[in-house]
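User: Please take a close look at one chain of this model and at how it meets its partner, and give the cut-offs behind each term as you go.

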Amino acid sequence: MSIALRDKLMLMVAVLLAAVYLFPLYWMYVTALKTGSAMFASPPSFWPSDPQWSIYGSVWESRNVGRYLWNSFVIACGAVSLIVILGTGCAYVLARYRNAWVDVGLFLILMLQVLPASLMITPIFVGFSQLGLLDYPRVAVILAIAAKSMPFFVVLVRAAFMSVPMELEEAALVDGNSRFGAFFHIVLPLARNGILVSAILIFMQAFGEFVYSKSMIQAIEYQPASVGLNSFMGPNTNEWNNIMAYAAMYVTPILAIFVLLQRRIVSGLTSGALK
Amino acid sequence: MRRLLLSIRDGRGFDIGLVSVPLIFLFAMAGLPLIYNIVMSFQEVDMFSLGTFARPFVGFKNYITLFSQPETWPILGNTAIFVVASIAGQFTIGFALALFFWTGFPGSSWLRGLFLVSWVMPGLVVGAIWNWILSGDFGVLNFLLKESGLVAANIFWRSDPNFSLWAVVIANIWLGISFNMILLSVGLSAIPQDLYEAAELDGANVVQRFYTITLPMMRSSIGALVALGLIFTLQQFDLFAAITAGGPNNSSNVAQYWAWDLSFRQYDFAQGATISVIMIVFVMFASVVYVRSTRHEVRG
């Protein structure tokens, strides 16, 4: 068997595997375009014969998808800004020094990364309600998400800082820069890409966050899209085409970012904590 | 005062300032709740005492009540089944895919990247899609299974107590394949290629090469991955909320969902905190294994 033929065969198998793997996504988009009766047809059709494009407009209106997505966006932006502002400096210091204290700090940070949100929400909820933070539900969720995701960010960005040669910073110091100046003018610009990719990863996670928002945001006008989707899916729902249309509107922006930045995201992920 | 300012701008104070603010934040937002959780598990908490710190201490009463409930052991058993089945499925499929893409052909790295899609999707969306795929009467999975002759009648994945836990396991395996595959790919690409060439010259076949080179070289990656899989499956909450909500009759309930359900559905915060403490001890144990197996990486 020649190399070229082997490559073609492997590529075909790979495409087939990817198609099987991505079938749930395809099924979401197809179901969203079906009419109420086509959805429950047996055997189900795998291609929408009569696509209902108007479903997106009607779901957008009736479920107030715009407001939900806006809340998700606000929460994700808030959490990412907080994490980037606080976490970048922390990652920098942890990358610059190697001693026992840094090991202890990293160990504690890694331990915090693993605490399941659904278990931490009980004390956070009770504590926040005593502090009165629950009167500002989106702020409360932003704080909780920031605490949950910051360890992951710190570990990823630390790897980015480690790849910046320390000699460059030392040279800047010799040339009369302050530590402050060297950090902002030399180190930060060089690690920019790593920080950006990590921030995007954190953003996508925060955009889909559910446990904290579900537990802490009671007022419907502040709820993010994940909570909206959850309340759309009652126990005995049969509006699957509408639900899938909602899900498609929710997930398509994230998929678009992912496809555009796929290569960078994959390399960012594999260079950091998860190695 | 001037010296302090100078040190913050240009000295050790700069580093200490950068690192201490985030650590204080993390301590306040993650460390304190952890401690508070333990305190609450020894207290009597109800709707009236929720707003005050001075609650009566009851010793181990919460723990005793918890283990005297009939559903406790089945739910812990479900948690174990969920974790073991999910990790086994994710790891096997992920490893097979990683090995397949590792052979290297045009387009392999791009196609492999597509598999990471599930990693960035909101858990609720994944749950909603699988909820619909697994639907009893009209689900496409039942249709495919019946057409291929694997089952005779529709399986009611979500409402049959024998299958409800497996419905979530299937969705979770789909979700977890991505990170298993990508991490194993990283591990595979780190194996020096000349080892295989030498073994091939010595006449080792594919299976022998896999068992004598690939597996031993991957030992630390696999250890880290299984520990990480344990951590991630114990964090899985969204799929339960979106597919079965722990039902029917707790047949698909697991500890991390139950803890939330007790606190926020039944307003029994003390019991919720008690389960949380027990599970967090488990997770901490897994993470010590994980940190130990990646320690040389972390030190860089």
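Analyst: What follows begins with chain B as a whole, goes on to its interface and some of its residues, and ends with chain A.

This is a predicted model, in which local features need pLDDT of at least 70 and side-chain atom pairs count only at pLDDT 80 or more, while totals for chains, interfaces and linings use all residues. Residues are numbered from 1 along each chain as its sequence is written, and chains are lettered from A and ligands numbered from 1 in the order in which they are written.

Chain B contains 16 helices and zero strands, where helices (H or I, at least four residues) and strands (E, at least two) are DSSP runs numbered from the N terminus. Its radius of gyration is 24 Å, whereas a compact globule of 300 residues would have one near 19 Å; the radius is taken over C-alpha atoms, and the globule rule is 2.2 Å times the number of residues to the power 0.38. Taken along the principal axes, the box filled by the C-alpha atoms of chain B is roughly 75 × 70 × 30 Å. Of the 300 residues in chain B, 42% are buried, a term that requires 20 or more other C-beta atoms within 10 Å of the residue's own, with 12 or fewer counting as exposed, anything in between as partly exposed, and the C-beta atoms placed from the backbone. Among the contacts in chain B with a separation of 6 or more, 68% are between residues 24 or more positions apart, a contact being a pair of residues whose C-beta atoms, placed from the backbone, lie within 7 Å.

At the interface, 78 residues of chain B are in contact with 77 residues of chain A. On the chain B side, helix 2 (residues 12-41) gives the most, with 15 residues. By class, that side of chain B has 57 nonpolar, 16 polar and five charged residues, with Ala, Val, Leu, Ile, Met, Phe, Trp, Tyr, Cys and Pro counted as nonpolar, Asp, Glu, Lys and Arg as charged, and the others, Gly among them, as polar.

B:Phe82 is found in helix 4 (residues 72-102) of chain B and counts as buried because it has 26 C-beta neighbours inside 10 Å. Leaving aside neighbours within four places in sequence, B:Phe82 is in contact with B:Leu165, B:Val168, B:Val169, B:Thr233 and B:Val254. B:Tyr257 and B:Thr79 are 178 residues apart in sequence, yet their C-alpha atoms are 9.7 Å apart in space. Not counting residues up to four places away in sequence, B:Tyr257 touches B:Phe237, B:Phe240 and B:Gly246, and also A:Ser118 of the other chain.

B:Tyr267 is placed in the loop between helix 14 (255-264) and helix 15 (269-293) of chain B, and its phi is near 55 degrees, a positive value in a residue other than glycine. Most residues other than glycine have a negative phi. B:Tyr267 counts as partly exposed, because 13 C-beta neighbours lie inside 10 Å.

A:Asn64 belongs to the loop between helix 3 and helix 4 (65-96) of chain A, and with 15 other C-beta atoms within 10 Å it is partly exposed.

Helix 3 (residues 54-62) of chain A packs with helix 13 (residues 240-260) of chain A at an angle of about 85 degrees, with the axes 9 Å apart; axes are lines fitted to C-alpha atoms, for helices over the stretch in contact, and angles run from 0 to 180 degrees between N-to-C directions. That makes the two helices of chain A roughly perpendicular, the word used for 65 to 115 degrees, as against roughly parallel under 35, roughly antiparallel over 145 and oblique for the rest. Helix 3 of chain A brings A:Ile55, A:Tyr56, A:Val59 and A:Trp60 to this contact, and helix 13 of chain A brings A:Asn241, A:Asn242, A:Ala245, A:Tyr246 and A:Met249. By class, the residues of this contact are seven nonpolar, two polar and no charged.

Key: Contact = placed C-beta atoms within 7 Å.
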